[in-house]
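Here is a short report for a reader meeting this structure for the first time. Look over the sequence and the model, then read on.

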Amino acid sequence: MSIDQWAISVMETLGVAGAALLVAIESLFPPIPSELILPLAGFTASQGSFDLVSVIVAATIGSVSGALALYYLGYGVGAERLAHFSDRVPLMSGADVHKAMAWFHRFGPIAVLIGRFIPIVRSLISIPAGVDRMRLWLFLLLTTIGSGIWNTIFVVLGYVLGENWVVVEDIASRYSRAVLVIAIIVVVAFIVWRAVRVVRRRRAAEQAGSATDEQV
């Protein structure tokens with residue numbers, strides 16, 4: 001059974017609760033794309049299994065539930081523990097974590113809201129929000145607004161297109177792949193930049209050590 005057939009079966013069996021469950025799972029496991037689940041939910045609604053408004057509300061509840069679980073994961077880890085872990089990872093340091101969290105503390109609300117429209121980031125952005133101890137009411141508000149807009153767009157498109165819902169999934173998949181490629185390029189560039197910095201620091205330390213030995 002394919003993912004789309006399985007998803008339709010879940011929603012037909014559980015109704016709007018099935019849609020909420022699938023979206024919550026998608027929020028926790030990014031490899032399951034909302035670009036597939038949401039249009040399918042709209043298509044299933046168009047078949048009379050449930051009404052359009054109910055599935056949008058259910059999908060948004062699922063999104064917020066998944067995001068909340070990741071928020072508390074970050075909340076439990078905390079900045080200090082994350083920084084300590086980063087010190088043990090090659091090309092990373094605790095200082096980087098503190099800098100990133102300082103940036104998030106300043107721009108966090110915008111990142112949480114806009115992040116809901118970006119594949120992968122849509123799920124992961126909840127973790128630094130928890131690490132930064134973002135006010136829960138603000139996190140829930142921004143997540144509800146961002147996820148609500150995203151869910152509404154895809155559910156409505158799936159509802160309107162009916163059996164042609166795959167058109168939405170195809171276009172969204174291209175968008176997701178493009179964003180993913182950009183993200184990979186950014187990550188690779190960051191790794192290269194960090195590697196260059198590490199090499200330069202080692203050379204500077206060696207040169208300083210040599211200069212000290214010569215003076216002695």
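Where does Arg-133 lie? Arg-133 is in the loop between helix H7 (126-131) and H8.

## Ground rules

This is a predicted model, in which local features need pLDDT of at least 70, side-chain atom pairs count only at pLDDT 80 or more, and totals for chains, interfaces and linings use all residues. Residues are numbered from 1 along each chain as its sequence is written, and side-chain values use heavy atoms, with hydrogens and water left out.

## Overall fold

The protein chain has 9 helices and 0 strands. Along the sequence the pattern reads α-α-α-α-α-α-α-α-α. Helices (H or I, at least four residues) and strands (E, at least two) are DSSP runs, numbered from the N terminus.

Of the 216 residues in the protein chain, 38% count as buried. Buried means under 20% relative accessible area, exposed means over 50%, and partly exposed lies in between (1.4 Å probe, protein chains only). Contact means heavy atoms within 4.5 Å. Among contacts in the protein chain with a separation of 6 or more, 75% join residues 24 or more positions apart.

The largest nonpolar core holds 21 residues. Ala-7, Met-11, Leu-22, Leu-38, Leu-40 and Val-55 have the most contacts inside it. At least two residues of this core come from each of helix H1 (3-14), helix H2 (16-28), helix H3 (34-46), helix H4 (52-86) and helix H8 (136-161). H3 gives the most, with 7 residues. A nonpolar core is a set of buried Ala, Val, Leu, Ile, Met, Phe, Trp, Tyr and Cys residues joined through side-chain atoms within 4.5 Å. In soluble globular proteins, nonpolar side chains tend to be buried together.

Take Leu-38 as one example. Leaving aside its neighbours within four places in sequence, Leu-38 is in contact with Val-23, Ala-59, Trp-150, Asn-151, Phe-154 and Val-155. A second, separate core has 13 residues, including Met-101, Ile-125, Val-131 and Leu-142.

## Helix H2

H2 has 13 residues, which should span 18 Å at 1.5 Å a residue; its end C-alpha atoms are 19 Å apart, which agrees. The expected span is 1.5 Å times one less than the number of residues in the helix. Buried residues in H2 include Gly-18, Leu-22, Val-23 and Ser-27.

Ser-27 has a relative accessible area of 8%. Beyond its neighbours within four places in sequence, Ser-27 is in contact with Gly-62, Ser-63, Gly-66, Ala-67, Leu-70 and Ser-123. Leu-21 is also found in H2. Leu-21 is partly exposed, at 42% relative accessible area. Leu-21 and Ala-58 are 37 residues apart in sequence, but 8.6 Å apart in space, C-alpha to C-alpha.

## Helix H8

H8 has 26 residues and reaches 37 Å from its first C-alpha to its last, close to the 38 Å expected at 1.5 Å a residue. Trp-150 and Phe-154 both lie in H8, 4 residues apart, about one turn of the helix. Trp-150 is buried, with a relative accessible area of 6%. Phe-154 is buried too, at 9%.

Thr-143 counts as buried because its relative accessible area is 1%. What does its side chain reach at 2.7 Å? The side chain of Thr-143 reaches the backbone oxygen of Phe-139. Its side chain also makes a polar contact with the side chain of Arg-116 (3.0 Å). A polar contact is a pair of N or O atoms within 3.5 Å; within protein, one must be able to donate a hydrogen and the other to accept it, and residues adjacent in sequence count only if both atoms are side-chain atoms.

## Rings and a charge

The count comes to 6 aromatic pairs. Trp-150 and Phe-154 form a tilted pair, 4.6 Å centre to centre, with 45° between the planes. Rings of Phe, Tyr and Trp (its six-membered ring) pair if their centres lie within 6.5 Å; planes under 30 degrees apart count as stacked, over 60 as edge-to-face and the rest as tilted. Tyr-71, Tyr-72, Tyr-75 and Phe-139 form one aromatic cluster.

Back to Arg-133. Its charged end sits over the ring of Tyr-75, 4.0 Å from the ring centre. A charge sits over a ring if NZ of Lys or CZ of Arg is within 6 Å of the ring centre and within 35 degrees of the ring normal. Arg-133 is partly exposed, with a relative accessible area of 41%. Phi of Arg-133 is near 60°, a positive value in a residue other than glycine. Most residues other than glycine have a negative phi.
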